[in-house]
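Notebook open, model loaded. I'll jot down what I look up as I go, salt bridges to begin with.

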Amino acid sequence: HGAWETRSAGDTVEAVVTGVNKGGLELKVGATRAFMPAGQVDTKFNQDLSLFLNQKMTVRVMKVDRADHNILLSRRAVLEEEEAKKADETWDTLAVGQAVEGLVRSVQSYGAFVDIGGVDGLLHVSAMSHQRVTDPKSIVKEGDKIQVMITGIDKEKKRVSLSLKGLMKDPWESVPVDYPVGSTVEGTVKRAVDFGAFVELAPGFEALVHVSQIALRRINRLSEVVKEGDKIKAKVLS
């Protein structure tokens, strides 16, 4: 008997890919020929279906055409079911404050979506670093494996908030030790504004030298004394 006689829609079966055509994959379930449309091969788009040639795969029977002795199959249905099961298991284990490994799925201007086990969480740009981030792609990129902290869970809306900076030491914590009041420090002028100059003391860490503390004389224009890129020494006041 052919598989078309004993199988019906909804069955899960093993099939072997025997050929590739423009519309999808040709397969065999036992000795019976079957077909899988390109859109049913995977949960994501695959440009080169020949990668699946001669592969054995677990698939779902979508339709049985007994008159034509043909079977329509879907691998995507099985994968989606597995992903949903994996997501349910992940939801049961999630907890705020937990550190987890994730895979960066996509990076947008406002942050990155990270897969933390079948569940996508949002790593907002404001949670990427203790310093201000203007371009999220300078911190993470698609395909990166990263450690993140869970900062919020909303099971009803299926939302998870993530943080990178939650696992990093806040540079401000060591300021009193690294830059004690009264000490002299050296840095590079990053920005000069009307009320003073912002000086970078360490990568991403800036301090303000107020215009009243830049010179003994009254300054009309800050550019008379300092400009962007200057190396200067200053005393820590507070």
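Predicted model: local features only at pLDDT ≥ 70, side-chain atom pairs only at ≥ 80, totals over all residues.

R105 counts as partly exposed, because its relative accessibility of 43% falls between the 20% and 50% cut-offs. Its side chain meets that of D115 in a salt bridge, N to O at 2.5 Å. R105 sits in strand 6 and D115 in strand 7, so this pair ties together parts that are 10 residues apart in sequence.

Next I looked up D115 itself. Is D115 buried or exposed? I get a relative accessible area of 13% for D115, so it is buried. I then checked what else its side chain reaches. The backbone nitrogen of G117 is 2.8 Å from the D115 side chain. For the backbone nitrogen of G118, I read 2.7 Å to a polar atom of that D115 side chain. Skipping neighbours within four places in sequence, I find D115 in contact with E101, G102, L103, R105 and D120.

Back to the charged pairs. How many salt bridges does the count come to? I get 8 salt bridges. One of them joins the side chains of K44 and D42, at 3.6 Å from N to O.

Another pair I looked up is D144 with K141, where the closest N and O atoms are 3.4 Å apart. D144 counts as buried because its relative accessibility is 18%, under the 20% cut-off. K141 has 53% relative accessible area, so I put it down as exposed.

Then the nonpolar side of things. Which residues touch the most other members of the largest nonpolar core? That core has 22 residues, and I116, L123, V140, V160 and L162 are the ones I wrote down. Elements giving two or more residues to this core are helix 2 (76–93), strand 6 (99–108), strand 7 (111–115), strand 9 (145–154) and strand 10 (159–163). There is also a second, separate core of 17 residues, including V13, M36, L49 and M57. As a general point, nonpolar side chains tend to be buried together in soluble globular proteins.

Leaving out neighbours within four places in sequence, I116 touches T90, L94, V100, E101, G102, V148, I150, V160 and L162.

Strand 5 came next. Which way does strand 3 (residues 32–37) run against strand 5, parallel or antiparallel? I find the two parallel, joined by 2 bridges, and F35 has L72 as its bridge partner in strand 5. Strand 4 (residues 56–65) runs antiparallel to strand 5, with 5 bridges between them. In that pairing I see V61 opposite L73.

Last, the overall numbers. I count 3 helices and 14 strands. The protein has 238 residues, 36% of which count as buried. Accessible surface comes to about 15,000 Å², with 49% belonging to carbon and sulfur atoms. Of the contacts with a separation of 6 or more, I get 56% from residues 24 or more positions apart.

Notes
Residues numbered from 1 in each chain as written. Heavy atoms only, no water. Core = buried A, V, L, I, M, F, W, Y, C linked by side-chain atoms within 4.5 Å. Buried < 20%, exposed > 50% of the residue type's maximum accessible area, 1.4 Å probe, protein only. Helix = DSSP H or I, 4+ residues; strand = E, 2+ residues; numbered from the N terminus. Contact = heavy atoms within 4.5 Å. Polar contact = N/O pair within 3.5 Å; in protein donor to acceptor, adjacent residues only side chain to side chain. Areas by Shrake-Rupley, 256 points an atom, 1.4 Å probe, with all protein chains shown as cover. Pairing = 2+ DSSP bridges. Salt bridge = Lys/Arg side-chain N within 4 Å of Asp/Glu carboxyl O.
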